[in-house]
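Good morning, colleagues. Please look at the sequence and the structure as they come up, and I shall then take you through the fold.

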Amino acid sequence: MKYLIFLDIDGTIYSGDGKIHPYTTYNIREAQKQGHMVFINTGRSFDVIPKKVLEEVIPTGIVAALGAWISVNNEVLISAAVPKESTLLAMEIADKFDNMVIIEGENNSASYHGVCYLGEDHELSKPEELFERYPDIRVSKFTYKYPLTEEAVKILQPHFEIFNHPTYAEIGLHGYSKATGMEFLRQRFGIDKDHVIAMGDSDNDTLMLKAAGISVVMGNGHPDVKKIADFISINCEYGGVGYAIRKIVLDKK
């Protein structure tokens, strides 16, 4: 049976210096030639996935925005958008708790209450400006610069799925996650769980790793995340994804 292979981006296929190791891309190609399917599985919305990643990895499909946006062979299968009222609430929280937020959309993104990696041109001066600039925007999820306070969580919880990480926070639509996106594709292709591989490096990959039949953590991964790994690979910057694919899939007898 063929494998479904799900890959986180940051710290997994994409290293801190912005490079993807050739051994990773080579073994992804080799796996695809054998009929295995390779998917990006990221918290990033589709709009903020680095084009370099898509051009070099050439994935079979993409699970983006914490499972709220899924495509296979360039066909969009799931495209769930945050309602306008909930979007405004997420931005109001940034004001109330002095926390910069990135509004991540399918095709447009912006920041509010601070400048982010998108640059000054994408910073909003008021929440309503988002819809003035991008009247047709479909918001997929939000990323806050800092973890959310308990009070902020209580306000947001009725409206969002909350992923409060040690150094930042992500919020998205209820019922969606990296794990649900993976399960959706597993069922669509009729693959048993034992042939689902997830690869990650940090705490925001935990749900995905636990839902996989085979969990792989990069050598540079967080020590706590390594505790749930079935296989610990070498560091991302040395081709950790390629090494794991070679050992688990390509060299399997």
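I begin with strand E6. Val-101, Ile-103 and Gly-105 point one way from E6, while Ile-102 and Glu-104 point the other way, and all are buried. Buried here means under 20% relative accessible area, exposed means over 50%, and partly exposed lies in between, with a 1.4 Å probe and protein chains only. Five of the five residues of E6 are buried, so the strand is largely enclosed by the rest of the structure.

A word on the source. This is a predicted model, in which local features need pLDDT of at least 70 and side-chain atom pairs count only at pLDDT 80 or more, whereas totals for chains, interfaces and linings use all residues. Residues are numbered from 1 along each chain as its sequence is written, and side-chain values use heavy atoms, with hydrogens and water left out. As for the labels, helices (H or I, at least four residues) and strands (E, at least two) are DSSP runs, numbered from the N terminus.

Which strands, then, pair with E6? Two strands pair if DSSP finds at least two bridges between them. Strand E6, residues 101-105, is joined to strand E7, residues 109-112, by four bridges, and the two run antiparallel. Within that pairing, Ile-103 has Ala-110 as its bridge partner, and Val-101 has Tyr-112. E6 and E7 form a hairpin, with three residues between them. To E9, E6 is joined by five bridges, again in an antiparallel arrangement. There, Ile-102 stands opposite Thr-143.

These strands belong to an open sheet of six, in the order E8-E7-E6-E9-E11-E10, with mixed pairing. Strand E8 (123-124) and strand E10 (161-164) stand at the edges with a single partner strand each, so one side of each is left without a neighbour in the sheet. Helix H3, residues 84-96, lies across E6, E7, E8, strand E9 (139-144) and strand E11 (169-172). Its direction is at about 10° to that of E9; axes are lines fitted to C-alpha atoms, for helices over the stretch in contact, and angles run from 0 to 180 degrees between N-to-C directions.

I turn now to charged pairs. How many salt bridges does the model contain? The rule is a side-chain nitrogen of Lys or Arg within 4 Å of a carboxyl oxygen of Asp or Glu. By this rule the count comes to 14.

One of them joins Glu-170 to Lys-141, with the closest N and O atoms 2.7 Å apart. This pair links distant parts of the chain, since Glu-170 is in strand E11 and Lys-141 in strand E9, 29 residues apart. Both Glu-170 and Lys-141 are buried.

A further salt bridge is formed by Lys-178 and Asp-205, whose closest N and O atoms are 2.6 Å apart. Lys-178 is in helix H6 (residues 178-189) and Asp-205 is in the loop between E12 and helix H7 (206-211), 27 residues apart. Lys-178 is buried, at 3% relative accessible area, and Asp-205 is buried as well, at 0%. Salt bridges that share partners join Asp-8, Lys-178 and Asp-205 into one network.

Asp-10 and Arg-44 also form a salt bridge, the closest N and O atoms being 3.0 Å apart. Asp-10 lies in the loop between E1 and H1, and Arg-44 in the loop between strand E2 (37-41) and helix H2 (51-57), 34 residues apart. Asp-10 is partly exposed, with a relative accessible area of 34%, whereas Arg-44 counts as buried at 18%.

Finally, the nonpolar cores. By nonpolar core I mean a set of buried Ala, Val, Leu, Ile, Met, Phe, Trp, Tyr and Cys residues joined through side-chain atoms within 4.5 Å. The largest has 30 residues, and those with the most contacts inside it are Ile-5, Ile-13, Val-53, Ile-197, Met-199 and Ile-245. Elements that each supply at least two residues of this core include E1, H1, E12 and H9. Which element gives the largest share of this core? That is H9, with six residues. Apart from this core lies another, of 29 residues, among them Tyr-134, Phe-142, Val-153 and Leu-173.

Helix H9, residues 240-250, is mostly covered, with eight of its 11 residues buried. Among the buried residues of H9 are Val-241, Ile-245 and Leu-250. The buried residues of H9 pack against strand E1 (4-7), helix H1 (22-33), strand E12 (196-200), strand E13 (214-217) and strand E14 (231-232), where contact means heavy atoms within 4.5 Å. Leaving aside neighbours within four places in sequence, Ile-5 is in contact with residues including Phe-39, Ile-197, Ile-245 and Val-249.
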